[in-house]
Amino acid sequence: MAAPYLIVGLGNPGPQYARNRHNVGFQVLDRLAARHGLSFSRTMHRALVAEGRIDGRRVILAKPLTYMNNSGEAVGALVRYFNIPIEQVLVVYDDMDLPQGALRLRPKGGSGGQRGMQSIIHHLGTEVFPRLRVGIGRPPGRMDAAAYVLQNFSPDEETIMEEVRERAADAIETWLREGLQAAMNRFNT
């Protein structure tokens, strides 16, 4: 049996964080799962997991339950358990350095200071794996970055993000169906 694709959304567990900017990764995976009738009904290696097929590919969608900064513990364990080639791992997460709503797919890169990505890079032992960054913009004025990412989107921002989550799910489907380069060409903004 071919190895599955692992799509990881980053966020913090619990209803109090569900609509936060920092949980965009979880939100995108929820959208993708709903499109394909998949449900997060199982816990494995400290992650909430949904399994199934998207465009004929076996996929595992994972939302680490470790809290953002320790996401690599769950991701590393899932990669080893399923023996997943690193190029078949995609991590979806928020990025303050991109304007709100911008999408950026890349085949590799550093963490950019995102602690969840730092943890994943540490536990995988490489920076060379695909990722989808979702722009959430910078905090206003002198607002603390940590406080900003743990806020919910405003009603106006939420209207924008609804469409962004759809585009991000489209980008993931394109990555699965046509590969990373096609997804980058079509969705990087």
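Start by selecting His22, the residue that the UniProt annotation "active site" covers, from an unreviewed entry; such annotations may be inferred rather than shown by experiment. You're in a predicted model, where local features need pLDDT of at least 70, side-chain atom pairs count only at pLDDT 80 or more, and totals for chains, interfaces and linings use all residues. Residues are numbered from 1 along each chain as its sequence is written, and side-chain values use heavy atoms, with hydrogens and water left out.

His22 sits in the loop between strand 1 (5–9) and helix 1 (24–35); strands (E, at least two residues) and helices (H or I, at least four) are DSSP runs, numbered from the N terminus. Is His22 buried or exposed? Buried, at a relative accessible area of 14%, where buried means under 20% with a 1.4 Å probe, protein chains only.

Next, show Asp94: its side chain makes a polar contact with that of His22 at 2.9 Å (N or O atoms within 3.5 Å, one able to donate a hydrogen and the other to accept it).

A pocket here is an open set of points on a 1 Å grid where a 1.4 Å probe fits, with protein on both sides within 12 Å along at least five of seven lines; lining residues have an atom within 4 Å of a point. Among its 27 lining residues, His22, Met96, Gly113, Gln114 and Arg115 lie nearest the centre.

Last stop: the second largest pocket, about 190 Å³. Select Ala18, Phe26, Gln27, Asp30 and Lys63, the nearest to its centre of 14 lining residues. Helix 1 gives the most to this lining, with four residues.

Notes:
Buried means under 20% relative accessible area, exposed over 50%, partly exposed in between (1.4 Å probe, protein chains only). Grid points are joined across faces, edges and corners, and a volume is the space filled by probe spheres set on the points.
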